[in-house]
Amino acid sequence: MSDYNFAYLDEQTKRMIRRAILKGVAVPGYQVPFASREMPMPYGWGTGGVQVTAACLTPEDRLKVIDQGADDTTNAVSIRKFFQRTAGVAVTERTTEATVIQTRHRIPEQPLTEGQILVYQVPIPEPLRFLEPRETETRKMHELEEYGLMHVKLYEDIARHGQIATSYAYPVMVEGRYVMDPSPIPKFDNPKLSDNPAIQLFGAGREQRIYAVPPYTQVVSLDFEDHPFVASKADHDCDLCGAADSYLDEVITDDRGGRMFVCSDTDYCASRRAEGHVGRLGTDERAA
Amino acid sequence: MQAQSLTGGFADAPVESARAFRAILEAMARPGTIRRVEGAAPPAPLSPAAGVALLVLADPTTPLFLAGAVDCPAVRDWVAFHIGAPLAGAEEAAFAVGTWADLQPVTRFRIGQPDYPDRSATLIVEADRLEADGPRLTGPGIREAARLSLPETAAFQANRALFPLGWDCILTCGDRLAALPRSTRLEDA
């Protein structure tokens, strides 16, 4: 037993966050302001996601934390340890076993199910922020459903580059009403946002916003009829597990141009290798 | 204040409120589903589920409107001791609790502002029965369609027409609750 209140935050703070989450669920895609607290980690390390997770956790939960798909990176390890210590919850690296998954910039490859909650860490929640720096103006644009500026931005991409050059944090329209920043997930993950059986919650700590996509909610990536949205990925198979359908990281292996592509989702890759799938540079791990 | 006002709260607030919130979150995210909650024993006529919802969500920063029969000394004292929410009129309330008849007219509750639709009331509606039948529900959180026994359809349809403005609803019956956010579309059965 630790000397912390369950899940670190005090009860008053959790009530405030829980009220914000419920309003976010009731108005999908709308950013609810909340009184974000200082957390014992720096801004940019997922303070928003940590607060949302803390407000949702129960002692029976099994928590998974990923950073760019990986369970074993610094950010994921430190947040997982934080909740092991302050909430005493069980943890896992298996997507299928987790009830709450906090993620930085990826959606797991394994399809989520009812009963799971996916908590995103969000750096800049406002999709219009780099087009219009004033909060008073972007708030008015959401109020009036005035999203022309975003389409102009995507059009200018096409005019300049011949295609929409946005490859992550690709803007989406939620239930035909609010344009939402899906956090900096690769646009490869965008189709998984829509009609997902899990509850998706987004927390931005420094920017003090919480928003949500309830299960089975329509989420459409913005595009044009003649330039439809394409969920792109590196044109390779995973070099370890051979998966052709997962999002890949490019890893430089030497200083002579050597490189390999591996699944960004470490659990997905490890499960496939355990099942005997072998990629170009992999070895059969079933015997091991 | 009677001594019984001092009992009936959570025995282990951090853990019990976490479990109860999870049930309320699942209910709000999946309109039409019914959840069981536990931990509160508020004085009559407040139902245990309504007591749980208040303990989890209301606090000294949220004005509370007690409608009709629940606006009695026993409930007032219980709220004052366990929650500390200031009692307010319907127009200012962040939370309102009562039967559907006592909450009328529901058009007086806060529906938020066009730039801040979250600044709206949450109604905790005490129902005599709560079953998965009645008006057909569609919208966010519902795979195809769901059904829920609602006190009426027209008021909820009018509320949905205000989207993204509108109030949100938690329906309570005994120790069970369901929720109906403003985003849900309704058709008569």
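Predicted model: local features only at pLDDT ≥ 70, side-chain atom pairs only at ≥ 80, totals over all residues.
I started at the hairpin of β11(A) and β12(A): 6 residues lie between the strands, and Gly257(A) there has a positive phi near 90 degrees. Residues are numbered from 1 along each chain as its sequence is written, with chains lettered from A and ligands numbered from 1 in the order in which they are written.

I looked up the strands themselves (DSSP runs of E, at least two residues; helices are H or I, at least four; numbering is from the N terminus). β11 (248-252) and β12 (259-263) of chain A run antiparallel, joined by 5 bridges. Pairing here takes at least two DSSP bridges between two strands. Glu250(A) has Phe261(A) as its bridge partner in β12(A).

**Sheet, chain A.** Next I traced an open sheet of 7 strands with mixed pairing, in the order β1-β9-β8-β5-β4-β2-β3. β1 (32-33) and β3 (90-91) of chain A are at the edges with a single partner strand each, so one side of each has no neighbour in the sheet. Further in, I checked β8 (199-204) and β9 (209-213) of chain A, which are antiparallel and share 5 bridges. For angles I'm using axes fitted to C-alpha atoms, for helices over the stretch in contact, with 0 to 180 degrees between N-to-C directions.

**Domains, chain A.** I have domain 1 at 11-221 and domain 2 at 233-280, with bounds from an automatic or database domain assignment. Their centres, over C-alpha atoms, are 26 Å apart.

**Chain B helices.** The axes of α1(B) and α2(B) come within 10 Å and cross at roughly 110 degrees. That makes the two roughly perpendicular, a label for 65 to 115 degrees (under 35 is roughly parallel, over 145 roughly antiparallel, the rest oblique). Ser17(B), Ala20(B), Phe21(B) and Ile24(B) of α1(B) meet Val52(B), Ala53(B), Leu55(B) and Val56(B) of α2(B).

**Interface.** Last, I noted 28 residues of chain B in contact with 31 of chain A. α1(B) gives the largest share of chain B's side, 11 residues.

Note on methods:
Contact = placed C-beta atoms within 7 Å.
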